[in-house]
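With the model open in your viewer, follow the selections below in order, keeping a residue-level display ready for each stop.

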Amino acid sequence: MFAGLTDRSWLWLAAECYFVGLLLGTWSLTRRNRQSGVAINTIIAVGYLFQLTGLWLRGRAVGGCPLGNTFEIFQFTAWSAITLYLIVGVTFRLSLLGYFTSCLAAVVTIVSLAIPAWDATRREHIFGGNPWIELHAAIALFSYGVFALLALTSVMFLLRNFSLKQKTPGGGFTFLPSIMDLDSMSVRLLVIGVTLLSISLAVGAVYWLRDLQSVNLTKLLLTVVIWLAYAVALGLRLKGKLLAQRFAWAGVILFGFALLSLWPVDASRHARPAPARVAR
Amino acid sequence: MSADHFFVLGATHHTAPIEVRERLAVDAGTAEALRGELASIPGLREFTLVNTCNRVEFYGVATSPSAAVEVQARFCARQRFTAAEFEQFRMSLSGFDAVRHLLEVTAGLDSQMLGETEILGQVKDAYGAAQARGQTGPVLNRVFQKAFQAAKHVRTDTAISSGQVSVANVAVDLALNIFGSLAKTRILLLGAGDIGEKTAKAFQSRGAGSLSVASRRLESAMALADSLGAFALPFWLMPVKLAEFDIVVCATAAPDTVVSHATAQTAMRQRPARPLFFIDLALPRDVDAAAAKLQNVFLYNLDDLAKIADENRAAREAEIGKCRALINTRADALWKHIEPRLQASLNGNSPLPEQGRPA
């Protein structure tokens, strides 16, 4: 039944799963039904397998990690967030995190699929056949997935904080995790994200120092600024200077900035001369 | 009629005022003696006594209606009630109505605090006690087991038990929304009055870690601390020690503010990453309302808590129709299963069928 499906068809199936998770979660919330957690996790897991298959097919076709255009970058970021959710979210049983992850994954994957221009062309051999550069790119995008999850826990924190401050803890807010659980999870995610991005930049820096012309200045600056911003946020949090809703807002705003930076970063790669584009 | 052979009789908070229920209440020793007496009633084949602060009920299976009359007579004799006096407050149902009543009781629909969950444990205990003494048989076994299933079904599929309806439990739920677990929280109770004590007990019953009591009269604080298994703290030390606590239950009779904005701010500077939850149950209020504006500080006063409790109560009441429909369906199916077997077995004077006995 699935044998002849293209990579995009698998990715559409994944996006549909995430969307169903979103719908089911919304329906459960409106009906105050706590039982849908298992169902949502199952749907996310099925979507994850579809997405993994789609990315694997794409990776096999291009002979490397599928990060050759905006579409692939968005898909990979959503896949990273889901991977981390399936490890972290299910382990720590943060209620509603599955729902929020489903929402994020549905939006990111559907938007990337709905804009054909993002996947109209892709550059081949963007890593110059160097597996370390490929690793650098994959870890960097995986860290973005971590930051995506951090943005979700931050949004959940803001909602929980708002409901408690406004003295309206009932309704859909009932299912949100506690302030302390969300804060603790956000700090852990920030530590993981900053560590991964640091490793990625360290790997990239080794090759950049060998050939300073190999990396576009815009990409370099944006990536370093994002890394620095998250690192500063982590430092301030650990020193007790950036706390509660301010810390949560930082998690949301920084991820928005990181997500927006993907366009110029990707465009800067296309701006480089030489490598040929292949029509899909 | 087989319907008369399955009965419930007793008195509840719906039929008897509290002073009557006090006289009807059966202590453990009396209950034991009464069970022994009831077991000797001719024709009473199965029975269970459900005895809580709001109800005393006898569920029975009898070969003739006279057995139920005899149960009432023995109970009245023990509790020094005349039959006429007891009948003013008596609740008596049989057949399908008795089955439905048990299902409603077990699901918390008949409770004074609608949807409360404690009653399920109490009914289970009552059934367990009767079963251990060999006083239940196939009918009561099946009816009680089905009642437990129905209670679980009602609580899972409706919002009848969602949200707390007492001020103390609302406060505990809010604390859980902030801290996740109470095991590692430190609680300070300001004031040694009744409402503070009840709230402190609610926290302890939900697994609160450490509790301290501070009162202007140190001896009152020590006495309450002693009864709660808590620590006593001199009241004047409170501003200095405030940062060490996560939850502060304020219930003093002080005419002025006890915790000022500055005091709360100083405490938060020492613990900026950890929330501080004030539960202000005092009138006039103990905590300066401006403290709520501080980051990581949550302040709820008596009106805030009462409003949430009222909303939860209204939400539960809105679920009654749905619950009753679920209970009616289950009671109907259960009665249809039991009635023919009850009739056949009583006519034939043979032992009741065993298929209802739980595994």
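Begin with the largest nonpolar core, which has 123 residues; such a core is a set of buried Ala, Val, Leu, Ile, Met, Phe, Trp, Tyr and Cys residues joined through C-beta atoms within 7 Å, where buried stands for 20 or more other C-beta atoms within 10 Å of a residue's own, with C-beta atoms placed from the backbone. Select Phe147(A), Ala171(B), Val249(B), Cys250(B), Phe278(B) and Ile279(B), the residues with the most contacts inside this core. Then colour helix H5 of chain A, residues 131–165, which supplies the largest share of the core with 17 residues; helices are DSSP runs of H or I with at least four residues, strands are E runs of at least two, and both are numbered from the N terminus.

This is a predicted model, in which local features need pLDDT of at least 70 and side-chain atom pairs count only at pLDDT 80 or more, while totals for chains, interfaces and linings use all residues. Residues are numbered from 1 along each chain as its sequence is written, and chains are lettered from A and ligands numbered from 1 in the order in which they are written.

A second, separate core of 45 residues can be picked up through Leu44(B), Leu103(B), Val143(B) and Val154(B), which are among its members.

Finally, show chain B by itself, with its 14 helices and 10 strands, and colour domain 1 (2–160 + 319–348) and domain 2 (167–311), whose bounds come from an automatic or database domain assignment. The C-alpha centres of these two domains of chain B lie 42 Å apart.

Key:
Buried ≥ 20, exposed ≤ 12 C-beta atoms within 10 Å, placed from the backbone.
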